[in-house]
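Here is a friendly briefing to read alongside the model.

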Amino acid sequence: MAASVAIKEDPDEAIDLETRFIELCQTYTDGITDAIIQQEFPQCNAKQRVTAINRLLSTGKVDLLKRGTNLVYKLKDPDAASQTKGSDNQEKLVYQIIKDASNKGIWIRDIRYKCNLLLTQVNKILKNLESKKLIKAVKSVAASKKKVYMLYNLEPDRTVTGGAWYSDQDFESEFVEVLNQQCFKYLEQKATIARENQIDPIAQRNAAFTSLSDVWKYISELGISKVQLSVDDIETIMDTLIYDGKVERSVTASSSAGEASSKLYRAMKSLVPTTGLMRMPCGSCPVFNQCCEGGPVSPTNCVYMKEWLEY
C-alpha cells in the first residue's frame with residue numbers, strides 16, 4: 001500500500017514538475033540528459049519523471065535528440081515548430097540538427113550520425129526540407145565535392161565560402177595580387193611623404209607608419225573590389241606583404257586611459273637584396289648536386305627551368 005501511495009499522481013504536482021522541467025531546459029540550452037534530470041529532481045521517482053517528459057514531448061514543448069550514445073531533451077524553438085508544422089518527427093529532428101549547426105553548416109555524414117537514420121531516409125528528408133525552402137545546400141571551399149546544409153535564410157560563414165578571396169570556389173589569385181600591389185603602393189607613398197617632410201631619421205620612420213583602418217579606407221575608396229572588404233581582409237593582405245619582406249608591423253601599447261593597442265604598418269626595403277641566382281629555380285633546387293647532362297636531372301629536361309623561362 002505504501003508503494004502505491006508514493007507514486008499516486010497529483011495533477012497540480014505534475015504541472016509543477018513540467019514547469020520546473022521547462023525551466024531546467026532553459027538553463028541548459030544545449031539540452032539535458034537523464035543524469036541531469038535525476039540530479040536536479042532527486043525527490044521524484046522514475047515514473048513521475050517519465051510521465052512529465054512524455055507529456056511535454058506529446059504537447060511539442062520539448063524535443064528528444066540523440067547526441068552520441070546519450071538521449072538529450074531540449075526545449076523546442078517556437079519559430080522552428082511553426083516552420084516545420086506538418087512535418088513528421090524525423091523531419092523535425094533533422095531540421096533541428098541543421099539549425100544547431102548555424103551558418104557554418106553541417107555535412108550529411110554528421111547529420112546521419114546525430115539522427116541515427118539511414119542514408120536514404122536522410123536524403124529524402126533533406127530534399128523535402130529544401131523544397132519547402134527551410135534549408136539550403138552550400139558548397140564548401142574546404143571540400144569542393146561536398147555540400148554543407150544550413151537554414152535557408154542564413155548567410156554562410158567565411159570558413160564555408162572562403163570570403164572575399166574566392167569566387168565560385170576558385171581562388172582569385174589576380175585579385176589578391178592587385179590588392180597586394182595597391183596596399184604596398186599606399187605605404188610607399190606614406191614613406192615618401194615622411195622622407196620629404198621629416199629631417200630626423202627616427203621621425204621619418206615614425207611618420208611612415210600608418211594604421212590598418214587607413215589602408216582599408218584607401219582600398220575602399222579605390223573601388224577595385226566588387227565585394228565589400230572588411231578590415232580583417234586587409235589585415236590578411238598586409239600579412240602577406242610582411243611575409244614577403246616588403247612591410248614591417250609595429251604594435252602600439254595600450255594607454256592608461258583604456259585605449260586598446262593597435263597595429264601600424266610601413267613599407268621597408270630589404271637590407272640584403274636577393275641575388276640573381278636565388279631568383280631562378282637552380283638557386284633553391286633540392287637536387288642541384290645531381291643536375292648534369294646525362295644525369296637523372298639536367299637543364300635540358302628540367303620542368304622548373306622551362307616554366308621559369310616561359311614566365
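## Briefing: cavities, a helix and paired side chains

Helices α2 (11-27) and α4 (46-58) each supply at least two residues of the lining of the second largest cavity. Helices here are DSSP runs of H or I with at least four residues, strands are runs of E with at least two, and both are numbered from the N terminus. This is a predicted model, in which local features need pLDDT of at least 70 and side-chain atom pairs count only at pLDDT 80 or more, while totals for chains, interfaces and linings use all residues. Residues are numbered from 1 along each chain as its sequence is written, and side-chain values use heavy atoms, with hydrogens and water left out.

**Cavities**

- The structure holds 2 cavities of 30 Å³ or more. A cavity is a set of points on a 1 Å grid over the protein atoms alone where a 1.4 Å probe fits but cannot get out, and lining residues have an atom within 4 Å of a point. Grid points are joined across faces, edges and corners, and a volume is the space filled by probe spheres set on the points.
- The second largest cavity has about 30 Å³ of space, and its lining consists of Leu17, Phe21, Ile37, Arg49 and Ala52.
- By class, that lining of the second largest cavity has 4 nonpolar, no polar and 1 charged residues. Ala, Val, Leu, Ile, Met, Phe, Trp, Tyr, Cys and Pro count as nonpolar, Asp, Glu, Lys and Arg as charged, and the others, Gly among them, as polar.
- The largest cavity has a volume of about 90 Å³. Its lining includes Cys282, Cys285, Cys291 and Cys302, along with Pro281, Phe288 and Met305.
- In the lining of the largest cavity, 9 residues are nonpolar, 1 is polar and none is charged.

**Aromatic pairs**

- The count of aromatic pairs comes to 2. Rings of Phe, Tyr and Trp (its six-membered ring) pair if their centres lie within 6.5 Å; planes under 30 degrees apart count as stacked, over 60 as edge-to-face and the rest as tilted.
- Phe21 and Tyr73 form an edge-to-face pair, at 6.2 Å centre to centre and with 75° between the planes. This pair links distant parts of the chain, with Phe21 in helix α2 and Tyr73 in strand β2 (residues 70-75), 52 residues apart.
- Phe21 and Tyr73 are both buried; buried means under 20% relative accessible area, exposed over 50% and partly exposed in between, with a 1.4 Å probe and protein chains only. Phe21 also belongs to the lining of the second largest cavity.
- Tyr186 and Tyr218 form a stacked pair, 4.5 Å centre to centre with 25° between the planes. Tyr186 lies in helix α10 and Tyr218 in helix α12 (residues 212-222), so the pair ties together parts that are 32 residues apart in sequence.
- Tyr186 counts as buried at 13% relative accessibility, and Tyr218 does too at 16%.

**Helix α10**

- Helix α10 (residues 173-197) has 25 residues and reaches 37 Å from its first C-alpha to its last, close to the 36 Å expected at 1.5 Å a residue. The expected span is 1.5 Å times one less than the number of residues.
- Among the buried residues of α10 are Phe175, Leu179, Gln182, Tyr186 and Ala194. An α-helix has 3.6 residues a turn, so residues three or four places apart point the same way.

**Salt bridges**

- The count comes to 6 salt bridges, each being a side-chain nitrogen of Lys or Arg within 4 Å of a carboxyl oxygen of Asp or Glu.
- Lys132 forms a salt bridge with Glu91, with the closest N and O atoms 2.7 Å apart. Lys132 lies in the loop between α8 (119-131) and β4 (135-140) and Glu91 in helix α6 (residues 89-100), so the pair ties together parts that are 41 residues apart in sequence.
- Lys132 is partly exposed at 42% relative accessible area, whereas Glu91 is buried at 6%.
- Lys263 pairs with Glu235 in a salt bridge, the closest N and O atoms being 2.4 Å apart. Lys263 lies in strand β10 (residues 263-267) and Glu235 in helix α13 (residues 231-243), so parts 28 residues apart in sequence are tied together.
- Arg266 forms a salt bridge with Glu248, the closest N and O atoms being 2.3 Å apart. Arg266 is buried at 19% relative accessible area, and Glu248 counts as buried at 18%.
- Salt bridges that share partners join Arg205, Glu248 and Arg266 into one network.

Methods: 1 Å grid on protein atoms, 1.4 Å probe; cavity = no way out; pocket = protein on both sides within 12 Å on 5 of 7 lines; lining within 4 Å.
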